[in-house]
Amino acid sequence: NDMLIRPLTKSQSGTEGLIHLNGTLVDLHKVDVEQDIWRAFAQNLRLKLSDFRLVGVDTLREPFQLLRPMSTSARLLENKVSFGIDDQAVDASVQLELVVGGDQSPLATNNIMDLHMSVPSIEILAVLFATVSESRFMQMPLRDILNFHCWLSMIPQSAVNIGAAMPVFDILFGGGM
């Protein structure tokens, strides 16, 4: 936490342990609703998420596993990350904008809400399925071994030889440790 997480989060947000993504994250906007059954209620719809904040990232603890091959398959990589220690909770917040509108809409509304969640601990489990091109791997120069983009370029992109997938993604919110 002191060597990696706190310096990285401080350089990103200005505060140790805080990830702050200012601006719009998701903006789903349907200007003209085509189906008559939905148009009776709204001519346009909008869902927008912005200003994401995650506090407590510097509470990283065991179990921590990153890209660990699973014994059942060489192509499955297990990842486990846990946050939250003692009396320091993990807080997440995001701004949600919901617009249902139109001149004829009986449900016309424009709401902006700040959503906030605080939990004592969070555990994330993600299993990744990944394959790499053997020829690209064998030709990769050693000077690029720490370059993340070089590793990503080895994942096949054809429909026949799927290069990456996430068959398992679980988030557990704890009431205590």
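Me: Which pattern of helices and strands does the protein follow when read along the sequence?

Reply: Since this is a predicted model, what follows describes computed features. The protein holds four helices and eight strands. Read along the sequence, these elements follow the pattern α-β-α-β-β-β-β-β-β-α-α-β.

Me: Is the protein compact or spread out when its radius of gyration is set against the globule rule, and what is that radius?

Reply: Along its principal axes, the C-alpha trace spans about 65 × 50 × 30 Å. For 177 residues the globule rule gives 16 Å, and the protein's value is well over this, so the protein is more spread out than a compact globule. The radius of gyration is 22 Å.

Me: What percentage of the residues in the protein is buried?

Reply: The protein exposes about 12400 Å², and carbon and sulfur atoms supply 59% of that area. Counting a residue as buried when its relative accessible area is under 20%, the share of buried residues among the 177 is 27%.

Me: How far apart do the centres of the positive and negative side chains lie?

Reply: The protein has 13 positive side chains and 20 negative ones.

Me: Which residues form the largest nonpolar core?

Reply: One of the core residues is valine 90, and its contacts beyond four places in sequence include Phe83, Val119 and Ile122, which are also listed in that core. Valine 90 also touches Leu54, Val55, Gly56 and Thr59, as well as Gly84, Met117 and Ser118. The largest nonpolar core has seven residues, namely Ile5, Val57, Val81, Phe83, Val90, Val119 and Ile122.

Me: Where is the cis peptide bond that involves proline 63?

Reply: Most peptide bonds are trans. Proline 63 has its place in strand β3, which covers residues 60–70. The bond in question has omega near 0 degrees and runs from glutamate 62 to proline 63.

Me: What is the phi value of aspartate 51, and what is that of leucine 67?

Reply: Most residues other than glycine have a negative phi. Aspartate 51 sits in strand β2, residues 44–55, and is partly exposed at 29% relative accessibility, while leucine 67 is found in strand β3 and is partly exposed at 45%. Both carry a positive value in a residue other than glycine, with phi of aspartate 51 near 50 degrees and phi of leucine 67 near 55 degrees.

Me: How far apart in space are valine 94 and serine 50, C-alpha to C-alpha?

Reply: Valine 94 lies in strand β5, residues 90–101, and with a relative accessible area of 18% it is buried. Leaving aside neighbours within four places in sequence, valine 94 is in contact with Leu49, Ser50, Asp51 and Phe52, and also with Met113, Asp114 and Leu115. Although valine 94 and serine 50 are 44 residues apart in sequence, their distance in space is 6.0 Å.

Me: Is serine 93 buried or exposed, and at what relative accessibility?

Reply: Serine 93 has its place in strand β5 and touches Asp51, Phe52, Arg53, Leu115 and His116, not counting residues up to four places away. Phenylalanine 148, which is 55 residues from serine 93 in sequence, is 29 Å from it, C-alpha to C-alpha. With the cut-off for burial at under 20%, serine 93 counts as buried, at 19%.

Me: Which residues are in contact with arginine 75, leaving aside its neighbours within four places in sequence?

Reply: Arginine 75 is found in strand β4, residues 73–83, and counts as partly exposed at 48% relative accessibility. Valine 127, at 52 residues from arginine 75 in sequence, is 10.0 Å from it, C-alpha to C-alpha. The contacts of arginine 75 are Leu128, Phe129, Ala130 and Thr131.

Me: What percentage of the contacts between residues at least 6 apart in sequence joins residues at least 24 apart?

Reply: The pair valine 94 and serine 50, which are 44 residues apart in sequence, is in contact and is one such case. Taken over the contacts in the protein between residues at least 6 apart, the share that joins residues at least 24 apart is 64%.

How values were computed:
Residues numbered from 1 in each chain as written. Predicted model: local features only at pLDDT ≥ 70, side-chain atom pairs only at ≥ 80, totals over all residues. Heavy atoms only, no water. Helix = DSSP H or I, 4+ residues; strand = E, 2+ residues; numbered from the N terminus. Rg over C-alpha atoms; globule rule 2.2 N^0.38 Å. Buried < 20%, exposed > 50% of the residue type's maximum accessible area, 1.4 Å probe, protein only. Contact = heavy atoms within 4.5 Å. Areas by Shrake-Rupley, 256 points an atom, 1.4 Å probe, with all protein chains shown as cover. Lys, Arg positive; Asp, Glu negative; His and termini not counted. Charge placed at Lys NZ, Arg CZ, Asp CG, Glu CD. Core = buried A, V, L, I, M, F, W, Y, C linked by side-chain atoms within 4.5 Å.
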